[in-house]
Amino acid sequence: MFLITIIFLGFALALVHPQVHRLLPKWSAALMSLYPAGVFLVCLPLIGATPISLSYPWMDSFGLRLSLQLTPFSLLFVLLISGIGTLIFLYANAYFKGSAAGARIVTILLVFLASMLGIVCSANLILLFVFWELTSVCSFLLVGYKHESLKARKAALQALLVTGGGGLALLGGIILLGQMVGSYEIPILAASHSTIISHPHYSLVVVLVLLGAFTKSAQLPFHFWLPGAMEAPTPVSAYLHSATMVKAGVFLVALLNPVLGGTELWTTALVSFGALTMVLGALLALIFSDLKHILAYSTVSALGTLMLLIGVDSSLGLRAALAFIVVHALYKAALFMVAGTIDIFTGTRDISRLSGLSREFPVLATAATLAGLSMAGVPPFFGFVGKELIYKTFMSGDEHLWLLIAAFIANAVTIAVVGLAVVVPFFRGLRSAIPLEKKGSSLVLVAAPLVLAIGGLLAGVFTSQIGALLIEPAAIALGSSSSATEIKLWYGFNFVLLLSALTLIAGIIVFRQRRHAPAFWDLLHARGLTRYTSTKMYETALESTLHFAGRVTSKLQHGSQRRYLWVLLLTTSAMLVLPLVTLPLSAPSASPFSLPVFSALAIMVVGALCSLGMRSSLATVLALGAIGYGIALLYALYGAPDLAITQLLVETLTLILVAYALLRLPPMYHEQSRSTYLWDAGISVLFGAAVVAGLLAITADPAISPVSLFHRALSYVEGQGRNVVNVIIVDFRALDTLGEITVLVIAALGVAALIDRRKAQGDDSP
Amino acid sequence: MKSILLIAFARIHIALQVFFSIYLLLRGHNLPGGGFIGGLLATGALALYLIAHGQPWKPRWAPGGFNPMSVAALGLLLAIASGVPPLLDGAPYMTPMWGGEIFIPVVGMTKIGSPLFFDIGVYLVVLGVCTALVYSLHPPSEDLSQDSGVVPVARQVAGREVSK
């Protein structure tokens, strides 16, 4: 029960936050940080407790149940989300300084926090998907928060289209999975593993689900939205795009590993995309000079590493991934916050302009250095544990050799990236630096990253405890058998340690040679090869889709009344005729000749024919009215007086209204070409024939429904009336009638409003 | 262009038509008639007034003209309200409740009940809605004076000559 509370409390707080902000503008965000703090503190004692799960029916016909679970795996994420969330809210409080735009951001962040908790606690795939899409929407709103800037809008749209498109694929995969097994509950899916992997649709499901996970977690080639999302303010980037939302794809892959994993398709896909992303992401980070872009690309690389580790399908790999999730969240969020703080304090994030900041901001420099050391994998930081575990995973087996090499390259480059992000702005040119103008100062903006960075250090010191309490249970909850290897800080002097040392040296070398990276990129750009990047592909795809849509619209929405009618009549004819291919048509029975009926029919036919030849539009309408009057006569002749009267009256009223409308039309018709008239004639005849066919099919089975017998029998007894029609309208089906007259009033409101507006503008042309 | 003939005729005919519409309304439960038909007839009467006089009917008790949408709203309210009394008795909404019979001249003995009020509500709605439509389409009175009403049209139909 309390699981439901901690998730939906977030939504409730988001509703309330705007009012809170109005009352206490400078402190509302800090107040809201009590929510994630509360969640963190409540869940901390749950480490090592038995998993909680609950399940309530919600929309059982769709398989959607409110099923939540708190396994050790979910608990790991909940602690990360809430712990970092607390610091982010405090950071946001100082970053936005109580502005109204900041308040909007905090409100959406609350929704996001709740949705993220929803994702990690869901035990029903459809419920998970709902929260998944919620986070995409929140990301869209947050990235586009500076909505006056075209760049921000484009970036937000890009993020939404990529993650949303992936989300659609994910939904398809989830539904297929549910059809295979008959349920969307995760424990049931995990138990049906062998059924799933031998099912013919298995490959399709894997492709769809991985599409969803890869777009969310920015794997190549879907990575490009993440650097674009850096348009968002830094608290958002630090939270969503480094520590939580982008990890959702990794979370999903890990969660579904017992359901979909173990096959070659799964493993190959994860390993190849993950490895590629890991290496390329790190390399791309060297090219840029905006601090946030550098960090964004290195996040891409880290996410690739995570996918790779899960895909390798070894028990050590899983544990390495879990450890690395914690490692990465701690140092990356800290570094992003440092970047934001630098932006506030100096007004720029460009590392070519930043230097020697440690003189002005020593505490900030400490925070950055601590986080950077964790990122570089230096002992005793937790980052070191993460790196060691990664290397250890690839040590087993020959087929992992190339993965080992890839990891080595990526890690070395990442160390160089640390240099870019930390050494350059803070320590470069210490002796000769010209101090930049100090634009602001705040304790919280420095304290928050410092807390996270120290967390990275402490986690490293207490590795064994974290390993035993958090990581091991989480891995077992994911279906892994318990591992022989214990997670600890120091394994002794072995090959892996040597590898780490070599990586450090390689990283420093790359750092010294860093200027070649932007130069190489410029060379590619000059040769026009940057046309093939994912970003450009996305832009081309978007442009051509819009272009195509424009052309289709201009063909279909041409504004010609005549052509709309053609399409309408043709479609209706087809819909009438096509089903009849299987139904019997009755031959019309010859009824005895009756003069009144024949006269009515004659009036209708003569009226129709006359309307073709009339020269005055009003006369045409009158001639068509004859058809209506003929029908009224037929009704009367066949014993339906109410219908006849109504038909008569409606026809008269229609004539009056049409006459009014005709007064406003120009007196001359445009001449039409002969072919247009032929089309008109052909389609009209076709439509008429279709209606005849439809009627013949209907009358082939003249069953009298029991409802009409019921009405007839009870009309006087219960309805107190002899006029069955009226009794039905006013008594038996009064609610229907109530609905109809409500619609009438609404329609009249609309029509009167439209026409009155034209009158008010002094324009009485149609 | 005001037609004296039409005005004179309308004076008698409109009153007849309105009374006839009420007659049809009240007798609808046992004989052809009812709320929809009555409402349409009454609209016809008001439309006739509009065509004859060039402006909507402005009774002495509503010198600025009455708003047809108000009538429609009143009718809707009446229709909804007619289903409420059964709720007070514990029965579902819109259960018909019948009282005694009263004598209405010309119509005869009519049973009073909630369906009757519902029907009156329907009558008012149809009257209001259709009158609103007719009024909104009616051009401002200045335009009518220049027009004879029949719009000449030139058309070429598949080879026939253009004729004015």
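**View 1. Polar contacts between chain A and chain B.** Nine residue pairs, both residues at pLDDT 80 or more, are in polar contact between chain A and chain B (a pair of N or O atoms within 3.5 Å; within protein, one must be able to donate a hydrogen and the other to accept it, and residues adjacent in sequence count only if both atoms are side-chain atoms). The count of salt bridges between these chains is zero (a side-chain nitrogen of Lys or Arg within 4 Å of a carboxyl oxygen of Asp or Glu). This is a predicted model, in which local features need pLDDT of at least 70, side-chain atom pairs count only at pLDDT 80 or more, and totals for chains, interfaces and linings use all residues. Residues are numbered from 1 along each chain as its sequence is written, chains are lettered from A in the order in which they are written, and side-chain values use heavy atoms, without hydrogens and water.

**View 2. Area buried between chain A and chain B.** About 5,000 Å² is buried between the two chains, 69% of it on carbon and sulfur atoms (accessible area, 1.4 Å probe, lost on being put together, summed over both parts). In chain A, the most area is lost to chain B by A:Arg615, A:Tyr660 and A:Gln720, together 13% of what that side buries.

**View 3. N-terminal end of helix H6(A).** A:Asn124 caps this end, with a side-chain oxygen 2.8 Å from the backbone nitrogen of A:Ile126. Helices are DSSP runs (H or I, at least four residues), numbered from the N terminus.

Note on methods:
Helices (H or I, at least four residues) and strands (E, at least two) are DSSP runs, numbered from the N terminus.
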